[in-house]
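My notes follow in the order in which I took them.

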Amino acid sequence: MATDCLFCKIASGEIPATLVYEDEQVVAFHDIEPQAPQHLLIIPRRHIRTTLDLTAQDESLVGHIYRVAAKLARQFGIADDGFRLVNNCNEAGGQVVWHLHFHLLGGRRMTWPPG
Ligand code: 5GP
Ligand code: ZN
């Protein structure tokens, strides 16, 4: 755990969040500033700074995150209409929290190109 990391603290329970899913590898919770009617964040429990820090050992973890996203999309009723699964990487990509996370957004029509 990175002691100064917000999402490590959410994963450990030190900082509260509205959890919607957890297992040994990942935690999912509601984004505090939702950008869509449904806006969840899915994070690995282990501190990984960005997508660029993933290694070969993390391949099954990333696959697992996608499967959890699909499960949550169904559970939150956004699977059939459609949703967006987004990872922002580094500053120009819009990353502001330096612990790998995936945004699951749905409940409205998404625009393209993204902002
Ligand atoms: P990023 O821009 O790094 O991809 O996304 C970070 C996300 O974390 C943002 O959507 C922001 O609203 C969310 N966030 C920041 N602080 C907190 C917090 O304390 N609790 C929760 N649940 N979400 C947070
Ligand atoms: Zn962390």
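**Entry 1: the pocket.** I began with the space that ligand 1 takes up, and this space is the largest pocket. The model is a predicted one, so I keep that in mind for every entry. Next I asked which elements give two or more residues to the shell around ligand 1. I found helix H1, residues 6-12, and strand S2, residues 26-30. H1 supplies the largest share of that shell, with three residues.

**Entry 2: the shell.** I looked up how many residues lie around ligand 1, and the number is 16. Asp31, Gly94, Val96, His101 and His103 come nearest. I then sorted the shell by class. It has eight nonpolar residues, six polar ones and two charged ones.

**Entry 3: polar contacts.** Which atoms of ligand 1 do Asp31 and His101 reach? For Asp31, a polar side-chain atom lies 2.5 Å from an oxygen atom of the ligand. For His101, a polar side-chain atom lies 2.7 Å from an oxygen atom of the ligand. His30 takes part through its backbone. One of its backbone N or O atoms is 2.9 Å from a nitrogen atom of ligand 1. I also looked up the cover. On its own, ligand 1 has 520 Å² of accessible area, and the protein covers 83% of it.

**Entry 4: the whole chain.** I stepped back to the fold. I noted two helices and five strands in the protein chain. From the N terminus on, their order is α-β-β-β-α-β-β.

**Entry 5: two backbone details.** I reminded myself of the background first. Most residues other than glycine have a negative phi, and most peptide bonds are trans. Then I looked at Asn90. Its phi is near 65 degrees, a positive value in a residue that is not glycine. Asn90 sits in the loop between strand S4, residues 83-86, and S5. My last stop was the bond between Trp112 and Pro113. This peptide bond is cis, with omega at about 5 degrees. Where is Pro113? I found Pro113 in the segment after strand S5, residues 102-106.

Notes: Residues numbered from 1 in each chain as written. Chains lettered and ligands numbered in written order. Predicted model: local features only at pLDDT ≥ 70, side-chain atom pairs only at ≥ 80, totals over all residues. Heavy atoms only, no water. Near = heavy atom within 4 Å. Polar contact = N/O pair within 3.5 Å; in protein donor to acceptor, adjacent residues only side chain to side chain. Areas by Shrake-Rupley, 256 points an atom, 1.4 Å probe, with all protein chains shown as cover. 1 Å grid on protein atoms, 1.4 Å probe; cavity = no way out; pocket = protein on both sides within 12 Å on 5 of 7 lines; lining within 4 Å. Sits in = over half its atoms within 2 Å of the grid points. Helix = DSSP H or I, 4+ residues; strand = E, 2+ residues; numbered from the N terminus. Nonpolar A, V, L, I, M, F, W, Y, C, P; charged D, E, K, R; others polar.
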